[in-house]
Amino acid sequence: MTYRCPLHCAFCSNPVDYMRHRQELDSAQWRQVLSQARALGAAQLGLSGGEPLLRDDLEDLVGHARQLGFYTNLITSGVGLTDARLGALRAAGLDHIQLSFQDSTRELNDFLSSTRTFDLKQRVARLIKAHGYPMVLNCVLHRHNLAHVGAIIEMALQMGAEYLELANTQYYGWAWENRLGLMPTEEQLRTAEAVVATYRARIGKRCRILYVVPDYFEKRPKKCMNGWGSVFLGVAPDGAALPCHAARMLPGLTLPNVRTQSLHDIWYHSEAFQRFRGTAWMPEPCRSCDEKERDLGGCRCQAWLLTGDAGRTDPVCDKSPDHASVHAVVMHGRLADHPLAPHRPLAPVPEAPLVFRTDAASLRLSGMAR
Ligand code: SF4
Ligand code: SF4
């Protein structure tokens, strides 16, 4: 809904050049997009950003979506989620709220988001519960907080969370810029995974814990977006229609825009949504691979970032001729190990200082700074 955000997370998945795309759709345009999406058969609406609460018309749009029959989910940092706004969102029919945390400690939460928001998030979590919503928390994991996984789960349990998503960083957007400073070691990942397994066995259904392993440590890629142009359609704040959240970075891909084209046309006829749909586009070794229906060749953005060609096999796959490019990033993470272990004072990784998501950094990294 907006790329604007009061936080400055070093792992933010928004485009690094978000300052190029500041002209947001207005309320009427969003209403039209939602109506068109529902007519196409879309059933779930995820409202994310940036921080969607920065849009004054959020409640109106939720109300419109609810009337259309959408199941609505708000993904928020919690900043701006007051008692009054929660009441208004509830009245508008919002179904679900997902609240993000950066860590179980105030120090790291506030360091990673470059804001003092830890206490605020605790208050917002209580408010969400008080308004009768299930408590759904998410926390992005990386080398700086993987050792805290047990404490993060404890925090979620204390808050009465019914659902906790522990998502290891996916390396796009700002996280790609910071990949050397965020990349964990395999040992950190496996240790955290074991902690999660212990908790799962102990707490049963009291809280469902989802633990998403980063692609870079797998031998097969994920079926990204469940297939390009298959089930997911994203609309960026400026109206660009996206086959996946990160697709805006792909060179040579002209993204259609909801200001000038209907969603029906975009989904069925635009070149961008056809480009990697199905299996016909695949190069070798995917083309003749007996697993191609299972992962559809993986992630196009990952292929572009690691090889410079979005049409290649996802290098995460160990059948890819580019698989070594993944190892290079992972190995660097291992070599730069332990700069932020929990018992040490907070400091950026010496070799790769974190770049926090700010307007100034976006202008600089997209070559727009004067
Ligand atoms: S990851 Fe952080 S900076 Fe990015 S949109 Fe979410 S809260 Fe904002
Ligand atoms: S070669 Fe391609 S289709 Fe086969 S497993 Fe690897 S990414 Fe999937």
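Student: How do α1 and α2 cross, left-handed or right-handed?
Tutor: The crossing of those two helices, α1 and α2, is right-handed. Keep in mind that this is a predicted model.

Student: OK, and which residues of α1 and α2 make the contact?
Tutor: From α1 you have Ser27, Trp30, Arg31, Leu34, Ser35 and Arg38, and α2 brings in Asp60, Leu61, His64, Ala65 and Leu68. By type, that contact splits into 5 nonpolar, 3 polar and 3 charged residues.

Student: At roughly what angle do the axes of α1 and α2 cross?
Tutor: Roughly 20°, with the axes coming within 10 Å. Angles under 35 degrees count as roughly parallel, so α1 and α2 are roughly parallel to each other.

Student: Switching topic: which residues does the UniProt "binding site" annotation cover?
Tutor: Cys5, Cys9 and Cys12, according to the UniProt record, which is an unreviewed entry.

Student: Where is Cys5 found?
Tutor: In the segment before α1, the helix spanning 27-40. Cys12 has its place in the segment before α1 too.

Student: Is Cys5 buried or exposed?
Tutor: Buried, because 21 other C-beta atoms lie within 10 Å of its own, and the cut-off for buried is 20 or more.

Student: And why does Cys12 count as buried?
Tutor: Because Cys12 has 24 C-beta neighbours inside 10 Å.

Student: What is Cys5 in contact with, leaving aside neighbours within four places in sequence?
Tutor: Gly49, Gly50 and Glu51 for Cys5. Leaving aside neighbours within four places in sequence again, Cys12 is in contact with Gly173, Trp174 and Arg357.

How values were computed:
Residues numbered from 1 in each chain as written. Chains lettered and ligands numbered in written order. Predicted model: local features only at pLDDT ≥ 70, side-chain atom pairs only at ≥ 80, totals over all residues. UniProt positions renumbered as here; feature names shortened; annotations may be inferred. Helix = DSSP H or I, 4+ residues; strand = E, 2+ residues; numbered from the N terminus. Buried ≥ 20, exposed ≤ 12 C-beta atoms within 10 Å, placed from the backbone. Contact = placed C-beta atoms within 7 Å. Axes fitted to C-alpha atoms, helices over the stretch in contact; angles between N-to-C directions. Parallel < 35°, antiparallel > 145°, perpendicular 65-115°, else oblique. Left-handed = near helix turned anticlockwise from the far one by under 90°. Nonpolar A, V, L, I, M, F, W, Y, C, P; charged D, E, K, R; others polar.
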